[in-house]
Amino acid sequence: MQHEALIREPLILGNKTIHDITEDICRPIESKPTKSWWFAFILSATCLLWWVVCVSYTVGIGLGAWGLNNVVDWGWDITNFVWWVGIGHAGTLISAVLLLFRQKWRLSINRASEAMTIFAVICAASFLLTHIGRPWLPYWLLPLPNQFGSLWVNFNSPLVWDTFAVSTYFTVSLVFWYTGLIPDFAAIRDRAKTPQRKFWYGLLSFGWVGTAKNWQRFEEVSLVLAGMSTPLVLSVHTIVSMDFATSIVPGWHTTIFPPYFVAGAIFSGFAMVQTLLIITRKVMKLEAYITTLHIDMMNRIIMITGSIVGIAYITEFFIAWYSGVEYESYAFINRATGPYWWAYWAMMSCNVISPQLFWSSKLRTNITFTFFMSIVVNIGMWFERFVIIVTSLHRAYIPAQWSMYHPTWVEAGIYLGSIGLFFTLFLLFTKFFPVIAMSELKTIVHSSSLQTHREMRKNENHH
Amino acid sequence: MSKFIFGIFSDEEKVMHSIAPLRAKGVVIKDVISPFPIHGMDHALGLARTRISICSFLYGMTGFGLAILMTWYMMISDWPMDIGGKPNWYFYQNVPAFIPVIFESTIFCAAHGMVITFYLRSKLLPGVTAYTPDVRMTDDKIIMKVEVTDAASEQSASALLREFGAEEVKEYGK
């Protein structure tokens, strides 16, 4: 039995028994959707519908419907792609990296954050597939034999690396998430009172029974998947950063990009997890499982990764000056003082100043402040990608080519629609799937719950 | 004729510590079914180590080899092209560019190969019916499955299970 030091705060509050965990997590699945769920769902589904309209318009009319031009050929499309992929990284970090570091506080948040990862990567993939000009030929991204002499993809290109990386990341995250869901589906199946629920969750649970051998294999598979997902998380956003870093565009061609992007991804991802979980825990009454401690821990990670992003900014400026390369220096002068200065300063205030506020433990444990900050961080990270992409492209080496970029209503609609897609999927997840990893959370009731700590303290006092 | 009785426990510690003494007293423990993984249960039951991670490694090596073969064939052997003057006469000259793809392919094959093997070996497939006669198996109780051959052994096993902390001893139909 793992004995916890009493100095640690309990991870499960409210005198919850193992049976309580099953009840609390299965109840939202077994009851009718609430009014607030319907309200949120109708809102998101409307945005999703708008996404369908705007994407259909783009596919029908062509990319001319967007504001891209010969100089700024990547605008909101790639900004949004990188934004969504970055958001997705937190889920894998929570499930994989925190597992390897034996951080038990991940257990009540890993399921929802992995779901977030999957939905975020779906949104990212939607941008990737809609921006390629001829979206009815997406299979051209794959090295398939063909009748063009067998014209293969260019493996030297980070865009091809992206294809492999993002598809591996998506499918591996999907199986990691699904495998973890199997024992929980089994719990819902066994409790099911209606024949439909019994059928569907019976199907989804693949006939799981928690025998010792099954759990042994399950634990090993989780550990190995975690061990593989960790380098995957790091490599995927590194490869995404190389879409920029391997070019010669001023402001892009810098070796700080891989660690900078990975830290930025974790930064924005955790902010999105905070946004989702603060609402979820309130609406679904899961405050005993997703406690202030969890919010605090996630804020610490936001603070650390936000600080790394800040250091990366400083590195960029320093090297732009120290290298003596006038194009690189101009790229940064233009960012701060050129026509997109407002985006740059929004980015700076949201990303550099805000995480430093989390040094205060009072602010770290304040739920309202955290919620507000999580939105601020995500806005800041969106502006970061926008600033990197657009300000570097719109004024590169040849002044005669300098242009401006203005997104059209179609691009704005696709972005809003992708947020609708994300929340629609997430709301469906909260309605039909267990939001917390039940079977995993049950493992810490006897070591890290409030009542166990109370008992341990009592025993301690008797010595 | 062998049938099974099931001892129902609430505390996983009790279950873990009772396995060895129960076996010493002649109780044939076949399995322990729990709603959550119990650390050390496989060791306590004497289960062999799972070889699934070895499988994963082998699948990973397969992915590694396939990706090397693919990138060599496509970029060096079949249709090498002058892309920005990058050297492509030999595989080793161009291999730094291929590392991301080779890495991703390794992880892809390792992960999916392992998970598919896990599902097949544990017989986890859509449509498989689970034998969970008691809803508490996936809720909050730990259930020890004991094999008994006749009424006498059933009596003694039952009594021993209760002695070691079982709250109930039940028999479920097939």
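Predicted model: local features only at pLDDT ≥ 70, side-chain atom pairs only at ≥ 80, totals over all residues.
Visitor: Let's start with chain B. Which domains is it divided into?
Guide: Domain 1 covers 3-35 + 140-170, and domain 2 covers 52-121.

Visitor: What separates the centres of the two?
Guide: The centres of domain 1 and domain 2 of chain B are 50 Å apart, taken over C-alpha atoms.

Visitor: On to the sheet in chain B. What is the strand order?
Guide: The order is S2-S3-S1-S4. The sheet is open, has 4 strands and pairs antiparallel.

Visitor: Which strands stand at the edges?
Guide: S2 and S4 (168-170) of chain B do. Each has a single partner strand, so one side of each has no neighbour in the sheet.

Visitor: Switching to the contact between chains. How many residues are in it?
Guide: 56 residues of chain B are in contact with 53 residues of chain A.

Visitor: Which element of chain B gives the most?
Guide: H4(B), with 16 residues. The elements giving two or more residues are strand S2 (28-33), helix H2 (41-44), helix H3 (52-78) and helix H4 (91-121) of chain B.

Visitor: What about residue classes on that side?
Guide: The side of chain B that touches chain A has 35 nonpolar, 12 polar and 9 charged residues.

Visitor: Now chain A. What is the phi of A:Phe206?
Guide: About 55 degrees, a positive value, although A:Phe206 is not a glycine. Most residues other than glycine have a negative phi.

Visitor: Where is A:Phe206, and is it buried or exposed?
Guide: A:Phe206 is in the loop between helix H6 (195-204) and helix H7 (212-245) of chain A. A:Phe206 is buried, because 21 other C-beta atoms lie within 10 Å, and the cut-off for buried is 20 or more.

Visitor: And A:Lys285, buried or exposed?
Guide: A:Lys285 counts as exposed, with 12 C-beta neighbours inside 10 Å. Its phi is also positive, near 55 degrees. A:Lys285 is in the loop between helix H8 (257-283) and helix H9 (292-322) of chain A.

Conventions:
Residues numbered from 1 in each chain as written. Chains lettered and ligands numbered in written order. Domains from an automatic or database assignment. Contact = placed C-beta atoms within 7 Å. Nonpolar A, V, L, I, M, F, W, Y, C, P; charged D, E, K, R; others polar. Pairing = 2+ DSSP bridges.
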